[in-house]
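Please keep the sequence and the three-dimensional view at hand while reading.

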Amino acid sequence: MIEATDSSKRHGAYSGISATDAATPATEPPPATPVVAVRALSKRYGNVGAVEDLTFSLDPGTVTGFLGPNGAGKSTTLRLLLGLAEPTTGEAHVFGRRYRDLDDPARRVGAVLESNDFHPARSGRNHLRALALAAQIPSARVEEVLEIVELAGAADRRVKTYSLGMQQRLGLAGALLGDPELLVLDEPANGLDPAGVHWLRTFIRRFADHGGTVLISSHVLAEVAQTVDQVVIIDHGRLLAAARLDELTGRGETLEDIYLELTTRDAS
Amino acid sequence: MTAVLRAELLKQRSTRTNLGLFATMLGLVLLAVLLHGFGLPAKNLDSAASQLKLLAPGEIIGTLLAALLGAMSITGEIRHGTIRPTLLVSPGRIRVITAKVWASMLAGAGFGLAAGAVAAGVSRAALQARDITIHLDLGDYVLPLLGSTAAAALWAAIGVGVGAIVRNQVATLVGLCAWLLFVENLLLGDLANLTVGRFLPGAAAAAISGQKPDPPLLAPAVALVLLALYAVATATAGSVATNRRDVA
């Protein structure tokens, strides 16, 4: 289930909350704490608003596409969510708390924000070992995640010798170190060849099937449409829609049709 | 804290950056001491004081390279983007900067000790090669060696702090080189005569290792306390800056 509030209701047909709330039986127990809860979140840099009054939340076991044009505020929102930037107003919580306040964040949340956040002269294995040491994760887990992302054979090579696809997978390995419940991935398919994209899609589905929650920022709509259960669409830092994918496309429109309609309307 | 420190120590030794800095330092110390040891007239090297001056390059170069090492430990993370995964697994930013300070101080101490030892060994060899009577016994090398070690360790902490404040790697490294090699020596040279220059961090590092230029520097113990205060102040400012700023 995905929840969005008033700002998305402005867009009527594409607001997920009214549909999902109506479908909730009255006898159902109160929902658990959302995995992600973004409430009235704003971030301003001087006079420029990067994120404006953004509200949405994600429940466990869902794969959510976080969509929007370049400069829409997706990456800023993810940084706010992960404690790398401070909101101007509002809040962004994971598992009911600010990311910085989580007791053991690496075991709750795994994130990849850039495809090349590595020291080029450090080996893939040492990159992961340093993260594992800091998070107090046993070194055996480093070998496990290297196997999961199929990089065991290249683990002792310096990262600068890796292809972009290998770097994406190394980033994912770092995110998986703590066996987290939530994965936050910013443009994870960038630079992947078709086989890599297929591998990533399969991996994400398997992760969600085991109860994990995934938030994927992307503007590759065709890929997103094959991977996610629901979408949050933003532009100019504002929420345009938050709904299940099947609700959005139920009238025969494609995700691309709806995305273009929303973002074009917002731009005008 | 221990876990983050162990991670920082692994980062220090898992690239060739620090090895390159160490080799550069040894080469520069060797060159500087050889130039002085063989270039100065014998009559300028016939006293204990003049022979102690041959050790100065060890302190100066060891301190500079240790400061660069400390600065690179944080600016390298920012430059390569590894600051993001670092702060995602360790969101406590002050703890991360503190771990970098300790890891850099440890490596910096090694740099200072090695630079001092090379300067001592090469200067003795140069004097012996020129048949100049050596007026220093082994006990005379204790203060320069310990002083170089302490000065380099504390300047490594200053490097972390400055790097955390400035963030841009090139600007930080150029700034540290300029300060230690030029600003204190040239622009502020006159201040030494006014007794103000003695209190600057580069002069304090020289004083710790027992250098005795004219006009004189602070007593080693006083200089050690002063440089430690500089290190604490800079590292604290770097921690606060890192804690308050957004990470791009």
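The predictor's confidence in each residue is expressed as pLDDT, on a scale from 0 to 100. Helices (H or I, at least four residues) and strands (E, at least two) are DSSP runs, numbered from the N terminus. This is a predicted model, in which local features need pLDDT of at least 70 and side-chain atom pairs count only at pLDDT 80 or more, while totals for chains, interfaces and linings use all residues. Residues are numbered from 1 along each chain as its sequence is written, and chains are lettered from A and ligands numbered from 1 in the order in which they are written.

**Confidence**

The complex receives an ipTM of 0.89 and a pTM of 0.89 from the predictor. In chain A, the mean pLDDT of an element is lowest in helix H2 (residues 16-23), at 35, and highest in helix H5 (residues 124-135), at 97. The average for chain A is 86, with 87% of the residues scoring at least 70. Over residues 5-26 of chain A, pLDDT stays under 50, and the model has 39 contacts beyond four places in sequence for this stretch. Two residues are in contact here if their C-beta atoms, placed from the backbone, lie within 7 Å.

Chain B has a mean pLDDT of 92, and 97% of its residues reach 70 or more. Within chain B, confidence is lowest in helix H9 (residues 189-193), at a mean of 58, and highest in H7(B), at 97.

**Chain A**

Eleven helices and ten strands make up the elements listed for chain A. A residue is buried if 20 or more other C-beta atoms lie within 10 Å of its own, exposed if 12 or fewer, and partly exposed in between, with C-beta atoms placed from the backbone. Of the 268 residues of chain A, 50% count as buried. Among contacts in chain A between residues at least 6 apart in sequence, 69% join residues at least 24 apart.

Chain A is divided into domain 1 (1-95 + 183-268) and domain 2 (104-180); such bounds come from an automatic or database domain assignment. The contact between them takes 14 residues from domain 1 of chain A and twelve residues from domain 2 of chain A. On the domain 1 side, strand S7 (residues 182-186) of chain A gives the most, with four residues. That side has nine nonpolar, three polar and two charged residues. In this classification, Ala, Val, Leu, Ile, Met, Phe, Trp, Tyr, Cys and Pro count as nonpolar, Asp, Glu, Lys and Arg as charged, and the others, Gly among them, as polar.

Is Val145(A) buried or exposed? Val145(A) counts as buried because it has 25 C-beta neighbours inside 10 Å. Val145(A) is found in helix H6 (residues 139-148) of chain A, and, not counting residues up to four places away in sequence, it touches Leu128(A), Ala173(A), Leu176(A) and Leu177(A).

Ala40(A) lies in strand S2 (residues 36-45) of chain A. Its phi is near 50 degrees, a positive value in a residue other than glycine. Ala40(A) has 15 C-beta neighbours inside 10 Å and therefore counts as partly exposed. Phe95(A) also has a phi near 50 degrees, but it lies in the loop between strand S5 (89-94) and helix H4 (105-108) of chain A. Phe95(A) is buried, because 21 other C-beta atoms lie within 10 Å.

Two packed helices are described by the angle between their axes and the distance between the axes. Axes are lines fitted to C-alpha atoms, for helices over the stretch in contact, and angles run from 0 to 180 degrees between N-to-C directions. The table lists two pairs.

| Helix pair | Axes come within | Crossing angle |
|---|---|---|
| H6(B) (residues 93-129) and H7(B) (residues 142-166) | 6 Å | roughly 145 degrees |
| H6(B) and H11(B) (residues 220-244) | 8 Å | roughly 145 degrees |

The residues of the contact of H6(B) with H7(B) divide into 20 nonpolar, seven polar and one charged. The contact of H6(B) with H11(B) has four nonpolar, five polar and one charged residues.

**Between the chains**

The contact between the chains takes 23 residues from chain B and 28 residues from chain A. Helix H1 (2-13), helix H4 (56-80) and helix H5 (83-89) of chain B each give two or more residues to the chain B side. The largest share of that side, six residues, comes from H1(B). By class, the chain B side has ten nonpolar, eight polar and five charged residues.
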